[in-house]
Amino acid sequence: MSEILKSSQKMNALKENVEIFLPENGLEQKLEQAERENRKLVIKLGFDPTAPDLHLGHAIVLKKLKQFQDLGHRIVIVIGSFTARIGDPTGKNKSRPPLSKEDVAVNAQTYVNQLSKILDVSRCEIVYNSDWLDTLQLSEMIQLLSKVTVAQIMHRTDFSKRFQENTPIAMHELFYPIMQGFDSVKIQADIEMGGTDQLFNCTMGRQLQETEGMSPQIVMCMPLLRGTDGHEKMSKSLNNIIGLTDEPNEMFGKIMSIPDTLLPDYLQLVTDFSQAEKQEWLEKLAQGENPMTLKKAIALNVIGQYHNEAEAMKAQEFFAQRFQSKTFQEKNFTPVSLQELEGIESEVTVIDLCKLLLQNESKANLKRLIEGGGVTVNDEKVLGAQEKIKLETATKIKLGKRHYFELV
RNA sequence: GGGGAGAUUCCAGAGCGGCCAAAUGGGACGGACUGUAACUCCGUUGUAGUGAUACUUCGCAGGUUCGAAUCCUGCUCUCCCCA
């Protein structure tokens with residue numbers, strides 16, 4: 001029995017929050033293999049440098065990588081600088097604007113910065129797949145393509161679904177999984193990680209490695225975290241993410257706004273709690289504990305991870321004051337200096353004031369907000385966009401659910 | 001290569017010469033209720049304007065008409081069937 005396998009506890013930790021192992025006992029095999037050959041495993045994580053905002057969904061995978069990193073294995077981050085130009089087929093059928101080299105470089109850098117929230121980046125190997133894909137000859141490409149059948153590619157649910165629904169599939173999209181698989185060949189990956197949506201792409205790596213006479217990588221897929229809307233997977237383009245770099249107050253609010261049905265998932269996947277603590281929480285819930293209590297605990301825990309405990313406490317207080325206090329006057333208002341509201345008379349219309357405070361909103365939109373009863377000034381609802389109000393200090397203004405200002 | 005269908009506002013999807021800034025549903029936003037949860041109910045959902053209204057929008061470019069998302073021509077793209 002190997003040293004590592006002796007510790008079943010360690011093994012359990014490595015397996016926690018992994019939804020799919022391919023093959024099922026692959027991890028054990030790889031660890032034994034590594035030990036036998038007296039080397040460290042190469043663990044691959046790929047990403048598209050398109051939307052470099054990492055969120056709690058990514059964190060699940062990154063934490064898993066971190067565990068392996070702590071055991072001394074080699075973490076190889078493959079930046080899809082070439083494949084980004086193809087675009088991972090999403091079924092959304094939106095043609096992606098091609099990224100320039102500069103875009104890729106900038107995105108990759110911000111990505112790496114964010115990785116450092118979880119991983120020790122100095123001990124990660126970061127490679128760009130354009131390094132080998134840019135120079136790939138057509139003949140080599142065809143050689144590669146000959147290893148894969150159409151039936152296999154169409155097996156990917158995304159493709160078969162679109163095909164059945166008569167939505168377009170461009171030829172180049174079919175190449176994406178093959179490219180990704182080729183990356184695994186190039187870096188000689190032992191393990192590839194990703195979300196469950198990456199299962200197909202990752203298995204491509206296994207197949208291609210085998211045809212190259214390599215021992216195929218194993219695949220570990222983490223569950224997909226659902227976003228703040230409670231339904232769709234967390235994704236920047238769906239605008240439902242909680243970003244790793246979000247401000248504490250922002251994070252707190254977003255976590256408080258997730259539907260209760262997501263709580264067990266969040267408890268399990270995004271918190272630092274021990275299994276025992278998680279179990280305890282679930283029991284409390286079952287006994288009728290207000291889910292809000294757990295939500296707060298999760299929020300505190302998460303902010304503790306990505307900021308620190310003091311910030312977390314501050315965010316909780318902020319939240320309580322601004323959103324949970326019952327009376328208008330007690331709420332927490334963001335100060336806005338009167339001087340900063342450049343060149344205004346002492347009296348303005350409500351609509352103009354709103355525009356100054358929320359410059360990104362169109363006036364038509366703000367007008368609707370006012371007429372819909374979403375604007376309150378000094379505890380009084382203002383329904384006329386043209387009403388004049390005096391600009392004086394201590395004027396308190398609420399715009400919609402989330403924006404609170406006080407003139408100072 | 002041949003034949004047919006189609007491209008509509010965030011999405012799905014009606015409209016097929018004026019009553020169309022464009023039905024309906026979803027989403028989003030706001031309000032009431034609440035725990036920034038869910039449920040339910042109500043309102044809003046192109047931009048600018050106090051308003052009358054003006055402007056931009058129905059794949060792209062032209063044309064017919066007093067008037068076009070709606071008709072015509074060309075182009076681009078998609079789907080289906082046949083080869």
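These legends describe close-up views of a predicted model.

**View 1. Three domains make up the assignment of chain A.** Domain 1 covers residues 3–224. Domain 2 runs over 246–324, and domain 3 over 334–407. The C-alpha centres of domain 2 and domain 3 lie 32 Å apart.

**View 2. The second largest pocket draws on domain 2 and domain 3.**

**View 3. Helix α7 packs against helix α10.** Two packed helices are described by the angle between their axes and the distance between the axes. Look at both values here. Helix α7 spans residues 138–145, and helix α10 spans residues 171–187. Their axes come within 11 Å and cross at roughly 100°. Angles of 65 to 115 degrees count as roughly perpendicular, so α7 and α10 are roughly perpendicular to each other. From α7, the residues in contact are M141, L144 and L145. From α10, they are F175, I178, M179 and F182. The contact of α7 with α10 has 7 nonpolar residues, with no polar and no charged ones.

**View 4. Helix α4 packs against helix α13.** Helix α4 takes in residues 56–70, and helix α13 takes in residues 263–270. At what angle do these two helices pack? The angle is about 40°, and the axes are 10 Å apart. That value makes α4 oblique to α13. L56, I60 and K63 come from α4. They meet Y266, L269 and V270 of α13. By class, the contact of α4 with α13 has 5 nonpolar residues, no polar ones and 1 charged.

**View 5. A cis peptide bond joins L22 to P23.** Most residues other than glycine have a negative phi, and most peptide bonds are trans. Is the bond from L22 to P23 cis or trans? This bond is cis, with omega near -10°. Where is P23 found? P23 sits in the loop between strand β1 (20–22) and helix α3 (26–37).

**View 6. D379 has a positive phi.** The phi of D379 is near 70°. D379 is a residue other than glycine. Its place is the loop between strand β9 (375–377) and strand β10 (380–381).

How values were computed:
Residues numbered from 1 in each chain as written. Chains lettered and ligands numbered in written order. Predicted model: local features only at pLDDT ≥ 70, side-chain atom pairs only at ≥ 80, totals over all residues. Heavy atoms only, no water. Axes fitted to C-alpha atoms, helices over the stretch in contact; angles between N-to-C directions. Helix = DSSP H or I, 4+ residues; strand = E, 2+ residues; numbered from the N terminus. Parallel < 35°, antiparallel > 145°, perpendicular 65-115°, else oblique. Contact = heavy atoms within 4.5 Å. Nonpolar A, V, L, I, M, F, W, Y, C, P; charged D, E, K, R; others polar. Domains from an automatic or database assignment.
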